[in-house]
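Subject: Structure handover

Hi,

Here is the structure I promised to pass on. Please load it before you read the notes below.

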Amino acid sequence: MAELTLLYDGGCPLCVREVRWLGSRDGALHGEEPRLAFVDIDQPGYDPAAHAGVTYRQAMGRIHAIAADGSVLQDLAVFRAAYRLIGLGWLYAPTGWPLLGPLAEALYRLWAERRLWLTRRPDLDTLCRCRSAAGACLAAAEPLRSGG
């Protein structure tokens, strides 16, 4: 069982790139016993009940992870934990320091608020509405996903 399960947006090219890199590093270090697992919240079958009750809206608004003990991490705490598990904890360690931590968290929140716009995707309210009417939404959103 993984020590940390990251909930990520599979429709976000930057998120997918990060997840692939983390998974690759984890696999190289830990082989058949990875420390990290990944759940694509953008998949239609995403079930909050199976993931500590983290809703689609919550997970799309900011990154979440679930530790093996069931605790939920958010924001930069996710990256600190994930990078620690792949032997690179020192990269994110400063984001937990008293003076740098609040600034780093504020910058992350700014990124999280603008992530969908920066990746040319519909806003969070639109994505949430679309989840209710998945078929029509996916067809309408496709040009935005491909950058068109």
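First, the ground rules. This is a predicted model: local features need pLDDT of at least 70, side-chain atom pairs count only at pLDDT 80 or more, and totals for chains, interfaces and linings use all residues. Residues are numbered from 1 along each chain as its sequence is written, and side-chain values use heavy atoms, with hydrogens and water left out.

Overall fold

The protein has seven helices and four strands. These are DSSP runs, numbered from the N terminus: helices are H or I with at least four residues, strands are E with at least two. The order along the sequence is β-α-β-α-β-β-α-α-α-α-α. Of the 148 residues, 39% are buried (under 20% relative accessible area; exposed is over 50%, partly exposed in between; 1.4 Å probe, protein chains only). Among contacts (heavy atoms within 4.5 Å) with a separation of 6 or more, 63% join residues 24 or more positions apart.

His64

His64 sits in strand β3 (residues 64-67). His64 is buried, at 3% relative accessible area. A polar atom of its side chain lies 2.8 Å from the backbone oxygen of Arg62. The His64 side chain also makes a polar contact with the side chain of Gln74, at 3.3 Å (a pair of N or O atoms within 3.5 Å; within protein, one must be able to donate a hydrogen and the other to accept it, and residues adjacent in sequence count only if both atoms are side-chain atoms).

Helix α5

Helix α5 (residues 100-118) bends by about 35° at Ala112. That is the angle between axes fitted to the seven residues ending there and the seven starting there. Ala112 is among the buried residues of α5, as are Gly101 and Tyr108. The buried residues of α5 pack against α1, α2, α3 and α6. Just after α5, Arg120 takes a positive phi of about 60°.

Salt bridges

There are seven (a side-chain nitrogen of Lys or Arg within 4 Å of a carboxyl oxygen of Asp or Glu).

- Glu3 with Arg35: closest N and O atoms 3.2 Å apart.
- Asp75 with Arg62: closest N and O atoms 2.5 Å apart. Asp75 is buried at 5% relative accessibility, whereas Arg62 is partly exposed at 32%.
- Arg121 with Asp9: closest N and O atoms 2.4 Å apart. Arg121 lies in the loop between α5 and α6 and Asp9 in the loop between β1 and α1, so the pair ties together parts 112 residues apart in sequence. Both Arg121 and Asp9 are buried.

Best wishes
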